[in-house]
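Me: I am new to this structure and would like a close look at a single part of it. Please take your time and connect the details.

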Amino acid sequence: MNKKKFIFSAAMAMILVVFGFFTYSCHAQAVNSKKYVQESIPTIFFHGYGSSYRAEIQMTEVAKEAGVTRTIVRINVSPNGYAKMIGSIPKKAKNPIVEVNYDDNKMLNYHTAGLWAKNVIEVLQKDYKFKKVNLVGHSMGNMAINYYILDNYSNKKLPKINKVVDIAGHFDGIIDEDDEPGRITLDKNGKPTPMNQFYQELLKFRRVYPTNTRVLNIFGDKNDGTHSDGAVTNASSQSLRYLVSGRAKSYREKKIVGKMAAHSKLHENKQVDKILINFLWKK
C-alpha cells in the first residue's frame, strides 16, 4: 500500500469511528431522554463541614455517566461570601449540575451559610435562567440549605425549590457536641425531645416551608448499636420529619446500613447515588 492510500484509509477509519461514536451518543441520549426528565432545573450540591466540592464529585459524575446531564459546573464561595462561577451552562442544557465549594469550610454560623447559599443561587441566575431548583446537601450542607430557606422563604425573586435531598443531616444535634446516642426521643409525629437551639429556630418551618417542595432524607446507621452514622444519631436526622412533613409536597426517608453508611462515607455510597438519581431525575 502506497503512502496516499494509507493516509486515505486511516482518514476513512477515523471518520467511521467518529460517526459511530456520534451515532451511539445520539442513541444513548434518546434512550436517557425517555428514562430521565429533560428539564432546565439545575441541581446544586452543598458539601459538609471541613470538606469541599470534591466530596460531591462521585455523586455528580455518577449522574453524568448515567446520562442524566452533560453539564457540570462549579461555583466557588470565598471567605467573604463572594460567589464565582467556574464554567458556564448552555442555554438549552438539561438537568445541569452545580458543585458548590465553600473556601471557609469550617464556618459554623448557619445564617451565614444560608446567605452564601443565596449568593450561589443568585450568581447562577445571572448565568442561566431557571424558575425552579433542586438542592442537595451533606452534613453541614443541609444547614446551609435549610437556613437559606428559613431566611428567604418570602423572597419571590428567588427560584422555587423543586426537590431537596438531605444527606446525614444533624438537625437536632451532633454526637460529642450537643447529642449522644439514645439522648433524643421522637414521638409518633417525629417531634424530638430535647430540642437544641438550632432546631428551635427551624420550628418556623412548620409555618413557612415551601409547599411545592419534595423532600428526601437519607441517613446512615453503622449497625454498631449506636443507631447513628458515627457523627449524627438517626433520631437527630429523622427529626427533620416534624419540621417539614406538614408543609412539604412530600417527605420520604431512606436509612442506609453498614460500613458505607458512616457519616463521611454516605457521599461515596453507590446505593445513595442510585437513590439520588431516581428521586431527582427519573421519570
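How are H3 and H4 oriented to each other: roughly parallel, roughly antiparallel, roughly perpendicular or oblique?

Reply: This is a predicted model, in which local features need pLDDT of at least 70 and side-chain atom pairs count only at pLDDT 80 or more, while totals for chains, interfaces and linings use all residues. Residues are numbered from 1 along each chain as its sequence is written, and side-chain values use heavy atoms, with hydrogens and water left out.

Helix H3 covers residues 110–127 and helix H4 residues 140–152, and the two pack at an angle of about 80 degrees with their axes 7 Å apart; here helices are DSSP runs (H or I, at least four residues) numbered from the N terminus, and axes are lines fitted to C-alpha atoms over the stretch in contact, with angles running from 0 to 180 degrees between N-to-C directions. H3 and H4 are therefore roughly perpendicular to each other, a term that covers 65 to 115 degrees. On the H3 side the contact (heavy atoms within 4.5 Å) is made by Tyr110, His111, Ala113, Gly114, Ala117, Lys118 and Ile121, whereas H4 brings Met140, Met143, Ala144, Tyr147, Tyr148, Leu150, Asp151 and Asn152. By class, this contact has ten nonpolar, three polar and two charged residues, where Ala, Val, Leu, Ile, Met, Phe, Trp, Tyr, Cys and Pro count as nonpolar, Asp, Glu, Lys and Arg as charged, and the others, Gly among them, as polar.

Two of these residues, Ile121 and Tyr148, are also touched by Leu135, whose other partners include Ile44, Phe46 and Ile145.

Technical notes
Parallel < 35°, antiparallel > 145°, perpendicular 65-115°, else oblique. Lists of a residue's contacts leave out its neighbours within four places in sequence.
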